[in-house]
Amino acid sequence: MTEQEKSTIRKGDELELTIDSLAYGGRGVARAGNLVIFVKKAIPGQTVRALVYRKKSGYAEARALAVITESPHAVEPPCKHFPTCGGCKVQQLAYDQQVEQKRQQVVAAFRRQAGWTDFDLDEVVPAEQVFNYRNKMEFTISNRPWQVAGAPDLENKNFALGLHIPGRFDKILDINECHLQPQVGNEIINLVRKIVLEQGLKPYDPKTHIGFLRYLALRFTDGAEKVMVNMVTAWENPEALKPVVGALTERFSQIVSIVNNINTRKGDAAYGEKEILLHGDPTIVEHLNDLAFEISANSFFQTNTKQAEKLYAVVLSGAALTGEEVVYDLFCGTGSISLFLARQAKEVYGFELVQSAVEDATRNALTNRITNARFYSAQLDFYFHKTDILKKLPKPDVVVIDPPRMGIHEKLARQLPEMGAQRIIYVSCNPTTQARDSVIVLAGGYRLEKMTIVDMFPHTPHIETVAVFIKN
Ligand SMILES: C[S@@+](CC[C@H](N)C(=O)[O-])C[C@H]1O[C@@H](n2cnc3c(N)ncnc32)[C@H](O)[C@@H]1O
């Protein structure tokens, strides 16, 4: 391709492109002169024929139409729904390369964002189990199934139980296997589909908002020996769900809880305003090392239990506790990091926005006989500015933060160094916002001691990192 050809790339062009790397988010990256082209459904090492569907001044976006030369890192994806299903974006890329690409993405985010030219990672913790690792899945039930191009006509044109087609709020791919969840989950979704179709229960229509069945959410604990089923419906009618409950409990002794969340709102969310217990217990218990966590259908809990243990071990070692330290755990959720650290610290104070999570954390401390952890309901964007809590609590030696994807509010980022902790440990699920916030922590008088990736999400673009900062 000549320089002139490169500069005249237009929407609608078909190009032959060689993929160098993966961008954060999972698209392949190709270059034509100065133009970066993000290519959907392409992996590093491939040469593909791709259709440009968007052109901006500095970059273009394209979709791979055909592979011209296969990548040396290509593997056979085991899932029959790949690549139509958006759940796994890179199942066709060898796992060691997936981790290597995530490493490069974190390095690029810190070098670009922080102008930190020699930034590098210290440790990468890959997953040992790369399939069947998720302890939670949410499937959507809808009357708008996706017809896969070139596949035989759909048997049922008004029903789907599965996952959203990427970028389509209204179209659901009917699936009967997902390799991210334990095998029992596949048997459950197939039985539920059979029974609800036999019973004539109506799936929800996301456009007209008519229809009863909205989601089927599953939680698996203790290596899928225990299962919680959450049927989310648009209104209350537990009688209608009795045949489903009967069939599930007869077939699966692992099911210890079936709940029905009622979601009357139009928004696309697999939780409800009201919960009805249909079978067994209202909660399910998961273990992380020797700690027990009681989880309700709507609580946040790390979705990969085995890797969560490794993630928390990295946090624990970064905290370098001797038993004398005061620890603050910001964005503590149901308190899992707090409880992990509490046994080796003097005191732990957890702060969290969601009141039910604060209650779960307090209960989890009691269940585990941990008496040196306290939890506070807090909107952390402004909490330490607007309250005098810092005057009331002992000063922290270690501050752990584990915010959502958008990172932390600038006010909180500036406040962190002012707390004066010896160590700040930043757990993140988004390296871009972590890099942005880290610049402020560094400017506040800290240095980065250790940066680790713990891969919690094989075959997906999600990245989890732990940065340990030490006071200069
Ligand atoms: C990534 S989760 C971390 C949970 C916990 N550390 C764990 O490992 O299970 C982020 C948590 O931050 C909470 N959160 C989000 N925005 C918040 C805010 N502005 N103030 C306080 N907590 C917030 C969420 O409710 C969620 O529990």
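## A quick tour of a three-domain model

The chain is assigned domain 1 (3-69), domain 2 (136-288) and domain 3 (304-471), with bounds from an automatic or database domain assignment. Over C-alpha atoms, the centres of domain 1 and domain 3 are 39 Å apart. Please keep in mind that this is a predicted model, where local features need pLDDT of at least 70, side-chain atom pairs count only at pLDDT 80 or more, and totals for chains, interfaces and linings use all residues. Residues are numbered from 1 along each chain as its sequence is written, and side-chain values use heavy atoms, leaving out hydrogens and water.

**Backbone features in loops**
- K41 sits in the loop between strand 4 (35-40) and strand 5 (47-55); strands (E, at least two residues) and helices (H or I, at least four) are DSSP runs, numbered from the N terminus.
- The phi of K41 is positive, near 60 degrees, although K41 is not a glycine.
- N132, also not a glycine, has a positive phi near 55 degrees, and its place is the loop between strand 7 (123-125) and strand 8 (136-142).
- F82 and P83 are joined by a cis peptide bond with omega of about 5 degrees.
- P83 belongs to the loop between strand 6 (59-69) and helix 2 (95-114).

**Buried residues**
- V232, in strand 12 (residues 226-233), counts as buried because its relative accessibility is 1%, where buried means under 20% relative accessible area, exposed over 50% and partly exposed in between (1.4 Å probe, protein chains only).
- In helix 10 (residues 410-418), the buried residues are L412, A413, Q415, L416 and P417.
- G420, which follows helix 10, has a positive phi near 80 degrees.
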